[in-house]
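Please keep the model open as you read.

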Amino acid sequence: MRDDKPIQSPGGSDILRHQAQDRPIQFPTESPHATAIEDHFARIFGQPEQVFHEIVSDIVHIDVHIIPPRPERDCWTLFTTGMSALPMTVPPHLENHENLAFAELMLVLPPSWEVGNNADKWFWPLSWLKKLARLPHEYNTWLGPLHTIPNGDPAKPFAPETKLCCWTLLPPVEVSAQDCTITLADQRIVNIYCLHALHREEMALKLNKGVDALLEALDNAGVTEVLQIKRPPAVRTKLFGLF
């Protein structure tokens, strides 16, 4: 369940904490528009060549589609289908809230990543992609642009090989504003958000100083949407107290 009374950080971000629910697994809702979503990603990022089909699903059925590296886009591009099978619980007071209710996620990995290797060292980004796609439906909440999700409270590194410990959602890079959304046959608007991994210090900067300060720091440090597990923090000073 979700705490409906968020705490506001000094930087103006709402902090929501979720509690695990004791409930049986819910029969999943299948997406009737998966093909249209696949076609949209294929047109922009390339044709998927592999799909990680979910065997056991809860609430929604999440599949992860894999677009391999190629000369014109030398990275792995992973995206979900199934997250938009149900609407998220978007606060009704938000402007244009009806167009924020549906989303799918994507994640960009370097060409050297061993996609398809189930070892923990390689599989954790894909696992998080699935986890975050289900999170809004599991906790009756929503994910939108510039939301940040830490790995626990306090945040811990995603894996032994990295100090990255938080995710933030941003529109895809080098994609037109029109292509950052998908208009389905039933006029549903599906937003595309790309996962960016953050250091503890970077998330603290957002909470203390606001979104603009974080985006400026990432831009100045040349941080891209491609996951780089060994990159240094874009913030030199540590801003603790909110983890």
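Two strands pair if DSSP finds at least two bridges between them, and the strands themselves are DSSP runs (E, at least two residues) numbered from the N terminus. This is a predicted model, in which local features need pLDDT of at least 70, side-chain atom pairs count only at pLDDT 80 or more, and totals for chains, interfaces and linings use all residues. Residues are numbered from 1 along each chain as its sequence is written, and side-chain values use heavy atoms, leaving out hydrogens and water.

Start with β8, residues 166-170. On one side, strand β7 (residues 148-150) pairs with β8 in the antiparallel sense over three bridges, and T148 stands opposite T168 there. Strand β10 (residues 189-198) also pairs with β8 in the antiparallel sense, over five bridges; here C166 is opposite L198.

How buried is β8? Five of its five residues are buried (under 20% relative accessible area, with a 1.4 Å probe and protein chains only), so the strand is largely enclosed by the rest of the structure. In a regular strand the side chains alternate between the two faces of the sheet. In β8 both faces are covered, with C166, T168 and L170 on one side and W167 and L169 on the other.

Now move to the loop between β7 and β8, where N151 sits. N151 counts as buried because its relative accessibility is 19%. A polar atom of its side chain lies 3.3 Å from the backbone oxygen of P157. Beyond residues up to four places away in sequence, N151 touches W128, K156, P157, F158 and C165, where contact means heavy atoms within 4.5 Å.

Definitions and conventions:
Buried means under 20% relative accessible area, exposed over 50%, partly exposed in between (1.4 Å probe, protein chains only). Helices (H or I, at least four residues) and strands (E, at least two) are DSSP runs, numbered from the N terminus. A polar contact is a pair of N or O atoms within 3.5 Å; within protein, one must be able to donate a hydrogen and the other to accept it, and residues adjacent in sequence count only if both atoms are side-chain atoms.
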